[in-house]
Each structure stands twice: as C-alpha cells, then as structure tokens.
Number of protein chains: 2
Amino acid sequence: MFILTFERQIIIINGEAMKFVIIGGDAAGMSAASRAKRRNPDIEVIVLEQTHDVSYSACGMPYNIADPLRDMDLLVVRKPGVFIEKNKINLLTGHRVTAIDPKAKTVMGNTHKGQFFTFDYDKLLIATGASPVLPEIPGIDLPEVMVLKNLDHGRQIKDYLGKGNVKKALIIGMGYIALEMCEAFEKRGVKVRMVKPGRVFLPWLSPDLAEVVQKELILNGIELYPGHTIKRIESTGSFLDIICDDVSFQADIVLVAMGVKPCSRIAGQCGIKLGISNSIAVDRFLKTSDKNIYAAGDCADAYHVVTDKKCWIPLALRANRAGWAVADNVSGRQTSLRGVAGTSVFKVFSLEVARSGLNSKEAVDAGFDPVDNSVTTRSRAHGQPGSEPIHINMTADRKSGSILGVQMVGKEGVAHRVNAVAVALHNGMKLEEFSQTDLAYAPPFGPVWDPLLTAANQLIKKL
Amino acid sequence: MFILTFERQIIIINGEAMKFVIIGGDAAGMSAASRAKRRNPDIEVIVLEQTHDVSYSACGMPYNIADPLRDMDLLVVRKPGVFIEKNKINLLTGHRVTAIDPKAKTVMGNTHKGQFFTFDYDKLLIATGASPVLPEIPGIDLPEVMVLKNLDHGRQIKDYLGKGNVKKALIIGMGYIALEMCEAFEKRGVKVRMVKPGRVFLPWLSPDLAEVVQKELILNGIELYPGHTIKRIESTGSFLDIICDDVSFQADIVLVAMGVKPCSRIAGQCGIKLGISNSIAVDRFLKTSDKNIYAAGDCADAYHVVTDKKCWIPLALRANRAGWAVADNVSGRQTSLRGVAGTSVFKVFSLEVARSGLNSKEAVDAGFDPVDNSVTTRSRAHGQPGSEPIHINMTADRKSGSILGVQMVGKEGVAHRVNAVAVALHNGMKLEEFSQTDLAYAPPFGPVWDPLLTAANQLIKKL
C-alpha cells in the first residue's frame with residue numbers, strides 16, 4: 001500500500017512513515033537528505049556515511065592546504081550534529097555500507113568500530129561518489145603516497161606539510177586537481193614535479209591553449225614530465241624514490257591525482273545496471289534499473305545536453321542538483337533533470353581555465369562534423385590599462401551550424417564568461433545566433449566585441 | 001540598372017561603382033565603412049564626419065580622464081589617415097551634413113571651414129549617433145558647463161582638470177556616464193556633488209540594489225541630491241553658482257550627464273520615419289522607410305528580444321554590429337539582426353553594476369505579469385577568503401514562466417556573469433530551464449550553486 005496525501009504531504013507506506021536511506025553523506029547525499037526533510041518532515045531520512053565528515057567544500061581543499069594559517073575545518077559548512085538536531089536527519093557517520101539487497105530492500109555494512117548494521121528502506125539513494133584512480137604498483141600504499149578526495153585526505157596532506165620537512169613533491173597526474181595542488185605545494189615552498197604516462201599535457205584542451213597553461217606552470221617553477229609511467233615507489237626511510245622506465249625522481253611526498261572512478265561496486269554487485277565508465281546508469285529522474293533505488297552525484301551518469309547521450313562527468317553542481325531532484329522524487333514531486341554541459345573551471349597560478357561542451361575529439365566521437373578555431377583577444381577595451389590576453393577555442397558543427405563547445409584560458413574574465421556558452425549549449429544554439437547575442441560591455445571588463453563574440457565571428461568564417 | 005555579380009562581387013549601378021555614403025564616423029559608421037570595403041573593394045565609400053576623430057573608445061573616456069598621466073589619444077584605435085590610405089575609404093572629417101535629399105539621392109552640408117559640399121549616393125547610412133540632453137536653462141552655455149560625448153569633450157574636460165584649479169564638480173544626472181565620471185573626478189581629487197530632478201536614485205534598478213550602489217557612492221565621499229531641478233547657472237568669474245528651487249551649489253565645473261537623445265533631426269526633416277524616443281525607425285535589415293537609406297548606431301531603434309517590440313537602447317556593441325550588417329546589406333549579402341537584450345554593465349568605485357532584459361516596470365509596460373525577487377549570495381565558495389556579497393534581482397513572467405531580466409551588483413563576478421542571462425533571454429528561456437543550466441564552479445569564482453542559479457531557484461518559488 002502506497003498512499004500519497006498531497007494536501008498534508010504525508011507519505012505512508014504500509015501504515016508507517018516512509019524510510020529513505022541514503023548511502024553517502026557528501027554533496028548529493030546531504031542535498032537529498034535536507035531537501036527530503038524540507039519537502040516532507042514525516043519522511044524518515046537515514047544517511048550512512050563511511051567517514052566522519054559531511055557537508056564540506058571538497059573543492060576548497062587545495063586552496064586551504066595552500067594557506068598554513070587557515071584551519072581545515074573552515075571548509076565544513078555544517079557539522080553532523082546540525083543535521084541530526086536541526087534537520088532531524090538520522091545521520092550515521094563511520095557507517096560503511098558493503099551490500100544492498102534490492103529484493104529484501106535492505107542495506108548492510110560495518111561501522112568504523114567493526115559492528116555490523118542493517119537498515120530497511122522504502123527508497124534508497126546511492127550517493128557513494130568517486131574515488132581516486134590508483135596505479136597498481138609497488139609502494140602505492142606507502143604512508144607518504146597520498147590522495148586528495150575527502151577531508152581526511154586533506155587533513156593528512158596538510159598535517160604532513162605542517163611538519164616542515166617537506167621540500168619536494170611529486171604529483172602523478174596533470175588534471176585539474178593535480179594543477180590546483182601543484183599551486184598549493186608551491187605556495188607552501190615545496191618544489192613540485194608532475195609526471196604522467198600520457199605524452200600530451202591537458203589533452204582535452206586545444207594544443208595552443210594547453211601551451212599557455214604549460215608556460216604558466218613552467219614560469220612558476222613547476223617541472224613537467226609527461227610520457228613517463230611509474231613502475232614502483234620505494235622509501236629510503238628519509239625520502240621516496242619514484243622509479244619510471246627511463247627516469248627516477250626523489251620526493252618527500254607523492255600525490256596521486258590521476259583522476260577518479262565512480263564508486264559503483266556495491267551497486268553493480270546487487271545487479272543494478274552500470275553504464276558509461278562503470279558509473280551507475282540513471283534515467284532523467286535519477287532512478288536506477290531498480291525502481292526503488294536512485295543514484296546521484298559522482299557515482300552516477302547523466303545525459304549530455306549537446307549529444308543527448310549518456311556521459312560521466314563528475315562535478316559538484318550536478319551532484320547537488322541531482323540530490324535535490326531525488327529528494328523531490330521520493331517525496332511525491334516529479335523532478336527530472338535536463339542534463340549537463342560539462343562546464344568547468346579551475347584556477348592555476350594567475351590563470352583561469354574553463355570549458356563547456358565538447359572539444360573537437362569528443363565531437364567527432366559523438367558523430368558531429370566539428371570545426372574549431374582559436375582566437376586571442378583582450379580582457380579589457382582598447383586603451384584600458386591592465387588588459388590581458390584571453391585565448392578562446394570554439395567548436396561548432398559544420399552540418400547543423402550549432403555550437404558544440406568552448407575552451408578558454410586567461411588571467412581574468414574567463415571563469416564567468418564561459419557560462420554564456422554553457423547557456424547557449426543548453427539551448428542548442430546555432431553559432432550564428434550566438435554571434436548575435438547582446439553581451440555586456442564596459443572598458444574595464446572587455447572589448448566592445450566580447451571575446452566570445454570575436455571567437456564566434458571568426459569561427460563562422462570556417463563553417 | 002542594378003547589377004549584382006556575385007562571383008566577382010562587383011556592384012555596378014548605371015555603369016559606375018556603387019557610391020555608399022555614410023554620415024557619421026563613429027562606431028556604426030566606421031564599422032560599416034571598413035566592412036563594406038572588405039566585402040567589396042570596388043564600392044566607393046565616403047564617410048562624412050563632423051568632428052576630426054573617428055574610431056576611438058568613447059566609453060573609455062571616464063577612465064582616461066581619471067588618470068592625468070594617460071594621453072587622451074591612447075583611446076584612438078585608428079587615425080583617419082589609416083582608413084584613407086589602408087582601407088581606401090574616402091573619409092572626410094570636419095564635414096557636417098545638414099540635409100538629405102532622398103529623391104535626388106544627395107546629401108549636403110558644410111565643412112568646419114564653412115565650405116558647402118554635396119555628395120550623390122546610391123546607398124546612404126545615417127550613423128549620426130546621439131547627443132547629450134541639455135536642460136534649457138540660463139547659463140547652460142557657460143564654458144565651464146561641459147558634456148562628455150565625443151573625444152573633443154573628453155579633451156576639454158581633461159585639459160580643464162589639468163589646470164589644477166578644479167576643486168569642486170557638480171554633475172547633473174545620475175546615470176552610468178554620471179557615475180563613471182564621478183569616480184573620475186574623485187580620482188583627480190575633485191569633490192563631487194550629483195544632482196538631478198528625479199527623486200529616485202537609479203530608478204531602473206531594484207530599490208535594494210540601488211541602495212547598495214548609493215552606499216558605495218556615499219562611502220567614497222560623493223554627495224547625492226536627487227529631487228532638485230536646476231533653474232540657472234551663473235558664473236561669478238571665479239566659480240559657478242548652480243541654483244535650484246530650494247538649494248544652490250558652487251562648483252568649478254558642471255558636467256551635464258542627463259542622458260542622450262538620438263541625432264535624428266536631418267533624417268526626420270527629409271521625411272524618414274522616426275520611431276520610439278525620436279530614434280530612426282529601421283527594420284531588421286537596418287533599412288529606414290526609404291529603400292536606399294539605412295540607419296545604425298545610437299540614432300536608430302532596434303527590436304528587443306524579450307518584448308519583440310521596438311526599443312531605443314543606445315549601446316556600443318549594437319552600433320558596431322549594426323554597422324557590419326548595413327555593410328553586408330549594401331554589398332550584396334543579406335544580414336538581418338535579431339535584436340537587443342539591453343545588456344549593460346558599468347563600474348563605479350569598487351562595484352560592478354549590470355543588467356540585461358527588462359525590469360519589473362518595463363515588464364508591466366510590455367504587457368507581462370512580472371514577478372521579481374532579490375537574493376544576496378557570495379562571490380566565492382564557503383571557506384574561500386576574499387568572498388564578497390553579490391546582489392541579484394531576477395524577474396520572470398508569471399504566465400509563461402519565462403525569464404524577463406536580471407540586475408546584479410557586487411564587487412566581483414558581476415560583469416561577465418550577466419551574459420549567461422543575456423543568452424537565456426535571446427533564447428526565450430523559461431526560468432525553470434535556466435535553473436537547470438550547468439554553470440562553472442570552482443571555489444575562487446563562486447559557490448557551487450552559482451549566484452544566478454540561487455536567484456533562479458528562489459524566484460521559482462514565487463512564480
């Protein structure tokens with residue numbers, strides 16, 4: 001028996017209040033928990049989180065680590081107690097779920113003290129996030145080999161740096177976490193080397209834009225070693241030896257930042273359908289292949305607004321938004337999500353690097369006939385001091401004339417500018433239509449022809 | 001006889017090269033001239049400009065005036081000689097057009113030396129711009145009463161400030177030129193008072209946002225006197241007395257910045273149809289009521305993308321874009337413009353103030369049923385130092401659910417963020433759709449939920 005009483009917003013299943021169990025208390029999980037309680041205080045919300053932290057700015061960790069005077073706990077938005085007392089959420093930290101039984105509608109696992117637990121659910125949300133990709137090499141488990149995913153990882157790195165004996169860091173990987181952390185290390189006076197197996201620095205970026213970022217790193221004393229695969233890491237007792245085929249490095253700390261993979265193991269094991277990159281396949285209502293189980297956040301896939309196909313792009317905004325949508329859907333309101341554009345931005349030293357949509361390679365893979373073009377314009381108007389170059393690569397589809405994506409690099413005016421293209425992508429806008437948009441102009445903020453419009457006008461000529 | 005030979009792109013009329021005459025050598029005029037020559041070098045392009053400056057950043061003047069060390073001519077993008085020699089444009093400065101004869105297809109006027117001139121045209125572009133609104137009061141013609149529209153005005157103000165005896169300025173008006181200039185005066189050590197007849201400071205802005213701007217001015221020592229009409233200005237020989245009904249001011253310089261009006265007199269006199277606010281009515285191809293005459297820039301009207309009705313919003317980007325479109329249309333390529341969203345931004349002291357689309361009052365006037373809401377969020381993520389408040393007022397239509405407009409005020413992250421809404425307005429996006437857009441996030445640049453998304457999410461609740 002399933003009764004939805006919309007007037008009083010009480011959901012009763014078999015005569016009892018509905019039980020909504022959430023695995024994972026990060027962005028998606030806590031967004032869902034709080035919103036479900038707001039939508040309907042009668043729902044019993046149980047959150048099972050394996051760590052002891054919920055509701056913190058994970059993306060803020062590199063910036064916090066960069067500053068020895070800032071406490072790591074400044075990143076905590078709400079402490080677990082607040083959710084328990086104020087929101088009446090049954091939030092259980094130190095609870096690691098190990099299995100789901102979709103037939104019996106139960107989850108089970110162990111607490112950090114080793115106690116077994118089990119919970120029944122009416123609706124379940126899997127919000128297990130993603131975990132760092134680790135190379136399977138000897139020495140990966142050494143204590144000075146670290147990752148940065150949750151707040152405990154951040155504390156561990158910061159504590160280690162605080163000991164003052166860290167002179168050299170080796171970062172494995174050159175993605176955006178790696179780049180944010182190279183700046184954090186550098187700010188802490190630590191010499192940084194970066195190494196990765198792939199030969200191309202920032203392969204998702206147009207080569208001319210990637211070169212701008214690479215130069216900025218070199219200018220800041222970062223040494224880059226693309227094209228080297230690490231074979232093993234050894235500890236001498238006083239430092240680490242990182243051994244590749246053809247080269248070896250010494251470091252006091254190794255940060256592994258080779259990307260993340262979805263935490264979908266327990267979902268897969270209980271028969272839930274997995275999709276792209278082993279993420280949990282969900283429909284537009286965030287429902288998995290099991291009608292009582294939802295998935296949201298970095299563990300789940302999404303539709304891409306440009307391709308209308310499934311993609312796996314783990315980003316914080318999507319996690320929060322998906323958490324809200326699941327809360328709506330379990331509390332009697334139907335909310336579907338339209339999809340992601342893959343919009344992202346990061347800061348590295350004085351540069352802002354942003355993208356939205358597809359690059360040329362992704363566009364070809366998705367069946368488009370892409371044309372791309374790069375322009376370099378200025379961040380301020382003619383005659384305005386302080387102007388800096390803005391580099392933009394824009395991609396459009398030769399057949400339909402639609403914009404497919406954009407990438408931008410510059411010292412100012414990049415981070416928020418990219419959003420104009422993101423909105424265009426959500427609307428399937430033609431390049432010609434975008435080139436006619438009425439964007440803001442004032443001399444301190446850009447040229448009369450906004451850099452994005454110049455990029456569009458130049459790309460039109462190649463279509 | 002009118003022959004269009006597309007292959008060789010030669011346009012011949014009555015056996016001769018087409019004559020394209022342009023009145024006004026500012027943004028729209030010079031954009032049209034240069035592009036027409038690029039599209040087809042055989043077109044004879046004649047530009048008649050009454051001043052001696054073309055192609056300069058007029059919007060940059062307040063920032064240039066603020067800095068005594070910067071030469072005013074740094075704002076000049078290209079000198080007249082470049083257009084004549086490089087682009088083969090017949091550019092005639094010091095040529096003031098006084099009349100058009102559409103039947104004879106001629107324009108006539110006088111040079112600055114008093115010589116009469118006349119030119120035949122096949123196609124004519126009126127790009128006469130706008131001129132400052134001046135109150136009809138005694139003393140308005142005193143030499144210390146100045147305006148800021150063209151480069152000579154800028155030079156005049158800067159030269160006067162350079163004399164070093166300017167201690168007090170009175171600005172009549174409180175629009176964006178007035179606000180940019182109050183900062184310029186302040187930076188030059190001049191005490192600024194601002195006065196205007198209307199009682200409401202920045203009436204186009206939501207009152208709570210206007211208050212933020214007002215406080216910033218007061219914090220910077222600017223005195224505001226709204227609700228006072230100036231009766232006359234008198235010179236004592238050593239300073240100016242500015243006399244209102246109930247109050248009077250003393251100043252060394254008066255800047256009149258009460259807004260602008262379209263320079264449409266010669267168009268109206270020859271029978272060309274005028275439209276809203278006496279601007280020259282043009283179709284989407286920038287054609288006036290005379291089939292051989294186009295108008296572009298601040299003298300012409302435009303379609304608004306939100307209302308799909310005519311509006312008169314003089315802005316630099318539109319002027320440049322319209323100039324290009326006219327060049328296309330006279331050189332054999334059909335280009336129509338979709339319309340403006342009224343997107344604008346200005347800087348005043350540490351604040352960025354931006355808008356796009358309609359405010360509530362404009363929305364009511366256009367027949368919508370608007371709902372608006374203000375939010376204050378932050379410019380950076382939780383735990384990120386340097387975060388500043390961002391104030392956003394968003395308006396949507398209760399009936400259709402469409403976004404109608406946005407206004408934003410803040411110390412960072414305003415100028416380019418507004419463009420995301422501008423693009424949404426061009427697409428007639430529903431508020432709910434906009435609230436689902438995938439905008440960029442990184443801690444130095446904003447919260448996970450971009451301020452625009454928070455504004456949209458809160459406004460949805462009121463729809």
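Which are the buried residues of α10(A)? They are A:Val418, A:Asn419, A:Ala420, A:Val421, A:Ala422, A:Val423, A:Ala424, A:Leu425 and A:His426.

## Basis of the model

This is a predicted model, in which local features need pLDDT of at least 70, side-chain atom pairs count only at pLDDT 80 or more, and totals for chains, interfaces and linings use all residues. Residues are numbered from 1 along each chain as its sequence is written, while chains are lettered from A and ligands numbered from 1 in the order in which they are written.

## Helix α10 of chain A

Helix α10 of chain A spans residues 418-426 (helices are DSSP runs of H or I of at least four residues, strands runs of E of at least two, numbered from the N terminus). Of its 9 residues, 9 are buried (20 or more other C-beta atoms within 10 Å of the residue's own, with C-beta atoms placed from the backbone).

These buried residues pack against β24, β25, β28, α11 and α12 of chain A, together with α10 of chain B. Just after α10(A), A:Gly428 adopts a positive phi of about 55°.

## Contact between chains A and B

Chain A and chain B each give 51 residues to the contact (C-beta atoms, placed from the backbone, within 7 Å). On the side of chain A that touches chain B, α10(A) gives the most, with 7 residues.

## A sheet in chain B

In chain B, 3 strands form an open antiparallel sheet in the order β16-β17-β18 (strands pair if DSSP finds at least two bridges between them). Strands β16 and β18 of chain B stand at the edges with a single partner strand each, so one side of each lacks a neighbour in the sheet.

Strand β17 of chain B is joined to β18(B) by 4 bridges. B:Ile243 has B:Ser248 in β18(B) as its bridge partner.

Note on methods:
Buried ≥ 20, exposed ≤ 12 C-beta atoms within 10 Å, placed from the backbone. Contact = placed C-beta atoms within 7 Å.
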